[in-house]
Amino acid sequence: MKLSKGVLGLKFMRKTRDEAEKVEQEKRHRQVFKSDVGVETDAPSSKSKCKVTECPSYLQCERYTYARQSYGGMNPTVEESIKKGTWFIEYETGDPEPSARQEVVTKTEVSFEEGGDLLQPKVDPLSSGEESDGPVMGSIIGTIGKRFNRKAMKRAHDPQDNLDEATISSKKRKKQLWKRNQSN
Amino acid sequence: MLLWSLNPKSSIPYARGNLFEEVKLKTKGLKGVRYFLKKELIRSEDGRAMTGLKRIGLKLEEQIGKLLLPGDEFHLGDGENVTIGPGLKYLPAKAGLRNETVLVAKGGILAKRKPNVYFMDVRLRTYSTYKKDDVVGIIKQKKGDQYVVDIGTRDRVTLSKMAFEGATKKYRPDLKIGDCVFGKFLDLPPDYPLEITCVNSQGKAVGQGNLSEGFIAKVPVHMVNTLRSSATKGTFMAKVGAIVPLELVVGSNGYVWIKSKKVLTTILLSQLFQAASVQPPENYNQLIRSFRESVTGWV
């Protein structure tokens, strides 16, 4: 909506007036640059059908290996993490071989299961675990989660609380609680 | 590298030869020297005869592996979808002036990578920065919450003390002047001062950060291609790594951090990289062989 000059001239319309002026100024500025002989605007015309993307980096074009390399067991952690695919370059123009990356990921999952590490809980891919979404927040989530786990464990080990709640009627439960309080 | 085929002694003919007609003009100079003038045969699309050495209307696919000079122009067809790398510049169509063109900005050999990535293979000594490039640098100054790092470019870049894995306001890494760091450029808008970081987008170090011990060698930027080749077999580094156990970080800026078990091997490795940077790839095997001979016995 375009407001008239008279309305914009009012004292309380100062903010709107400034904004409108800014837009107009930008418009004029663009026109000046377009008409200037020396300066070319590189904005593609609407008629162009071909799609050209510029990427002036050899790293992005050549698909290099990871910058840190190790040979002959000099630094085993470097060799392992590159082999597993945990260290990789973040390319702009998409992943070079997404299928290869997927293979690596599935292989590590299989080896984790084969190892039979039963103490480790299975990670739900949808939950915000350390591997999926928030690796920075992962540790914090873990520490807070421990608190709840500890409570759950206590409850599981306590023989008095271990009774199935569904099978006991509310009257019986009240009785039990009353008895326990008396004994204490 | 392809550019070595430009050697006049090699059997590959001069790329531009077939496109020009040699018109011999006999002119008598002071000492009776004959001058030769080359006249271009190509005509532009609207029929204008082009004079000089500038070539227009080239096709990208036809020129792969050939020498191109700055000013040469490619014409893009309708619906063509390409990515252009360093050494090429895109000029969008302008009514009555030109069609969709790609201009050669740096002289070299045109290379293609899958899928539809074209760039100029140029021998370079200077590094031009680009976002997300990984670089090796040396800390030159401490400035409040930042380090000032030299990466071999004209301007020094900054590195925040918080840009390390696990760094908080209370616990920060204490690096000294002269320490070596490996990081990558932040993706900042144009005209911002350059800044590097030692963590990835997920807050992990992934091998970045302070590089203790070791030695920094400076190699030309085109040598990075050899040292970081992603070929599956028979790469330069795989051959060298089979002789001596070593660890290295190759920055896109041409700074190479090398670490091996002995100081002498580290020095020899840096000499090998520098020797290889001025040799054609055909001579790499010979260089590696001589390196093996010099190393055997005390490794």
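Where in chain B does B:Gln279 lie? Select it. B:Gln279 sits in the loop between helix H3 (263–277) and H4 of chain B. Keep in mind on this tour that the model is predicted.

**Stop 1: the loop residue**

Stay on B:Gln279. Is this residue buried or exposed, or something in between? B:Gln279 has 13 C-beta neighbours inside 10 Å, so it counts as partly exposed. A residue is called exposed at 12 or fewer such neighbours and buried at 20 or more. Now show its contacts. Setting aside neighbours within four places in sequence, B:Gln279 touches B:Tyr284 and B:Leu287.

**Stop 2: a helix pair in chain B**

Show the side chains at the contact. H2(B) brings B:Phe236, B:Lys239, B:Val240 and B:Ile243. From H4(B) come B:Tyr284, B:Ile288, B:Phe291, B:Arg292 and B:Val295. Colour the contact of H2(B) with H4(B) by class: seven residues are nonpolar, two are charged and no residue is polar. The crossing of H2(B) and H4(B) is right-handed.

**Stop 3: a three-strand sheet**

Move to strands S4, S7 and S6 of chain B. They form an open sheet in the order S4-S7-S6, with antiparallel pairing. Strand S4 (73–75) and strand S6 (88–91) are the edges, each pairing on one side only. From one strand to the next, the twist averages 25 degrees.

Zoom in on S4(B) and strand S7 (residues 101–104) of chain B. Three bridges join this antiparallel pair. Which residue of S7(B) is the bridge partner of B:Phe74? The partner is B:Val102.

**Stop 4: a sheet with strands from chains A and B**

Select S1(A), S5(B), S9(B), S8(B) and S3(B), in that order. These five strands form an open sheet with mixed pairing. At the edges are S1 of chain A and strand S3 (67–68) of chain B; each pairs on one side only.

Look at strand S5 (residues 81–84) and strand S9 (residues 117–121) of chain B. They run parallel and are joined by two bridges. B:Ile84 has B:Tyr118 in S9(B) as its bridge partner.

**Stop 5: where chain A meets chain B**

Show both chains. Here 37 residues of chain A contact 43 residues of chain B. On the chain A side, strand S1 (51–54), helix H3 (58–62), strand S2 (68–71) and helix H6 (135–157) each supply at least two residues. The chain A residues on this side divide into 16 nonpolar, eleven polar and ten charged.

Next, select S2(A) with strand S17 (residues 246–250) of chain B. They pair in the antiparallel sense over four bridges. Find A:Tyr71, which stands opposite B:Leu246 in S17(B).

**Stop 6: chain A alone**

Chain A has seven helices and two strands. Along the sequence, their pattern is α-α-β-α-β-α-α-α-α. Now colour by burial. Of the 184 residues of chain A, 7% count as buried. Of the contacts in chain A with a separation of 6 or more, 19% join residues 24 or more positions apart.

**Stop 7: a hairpin in chain B**

Bring chain B back. Select strand S11 (residues 146–150) and S12(B), an antiparallel pair with four bridges. B:Val149 stands opposite B:Val157 in S12(B). The hairpin has six residues between the strands, and B:Gly152 takes a positive phi near 90 degrees.

Stay with strand S12 (residues 157–160). Which of its residues are on the covered face? B:Val157 and B:Leu159 are, while B:Thr158 and B:Ser160 make up the uncovered face.

S12(B) and S14(B) run parallel, joined by two bridges. B:Thr158 stands opposite B:Glu195 in S14(B).

Key:
Residues are numbered from 1 along each chain as its sequence is written. Chains are lettered from A and ligands numbered from 1 in the order in which they are written. This is a predicted model: local features need pLDDT of at least 70, side-chain atom pairs count only at pLDDT 80 or more; totals for chains, interfaces and linings use all residues. Two residues are in contact if their C-beta atoms, placed from the backbone, lie within 7 Å. Ala, Val, Leu, Ile, Met, Phe, Trp, Tyr, Cys and Pro count as nonpolar, Asp, Glu, Lys and Arg as charged, and the others, Gly among them, as polar. Two strands pair if DSSP finds at least two bridges between them. A crossing is left-handed if the near helix is turned anticlockwise from the far one by less than a right angle, and right-handed if clockwise. Axes are lines fitted to C-alpha atoms, for helices over the stretch in contact, and angles run from 0 to 180 degrees between N-to-C directions.
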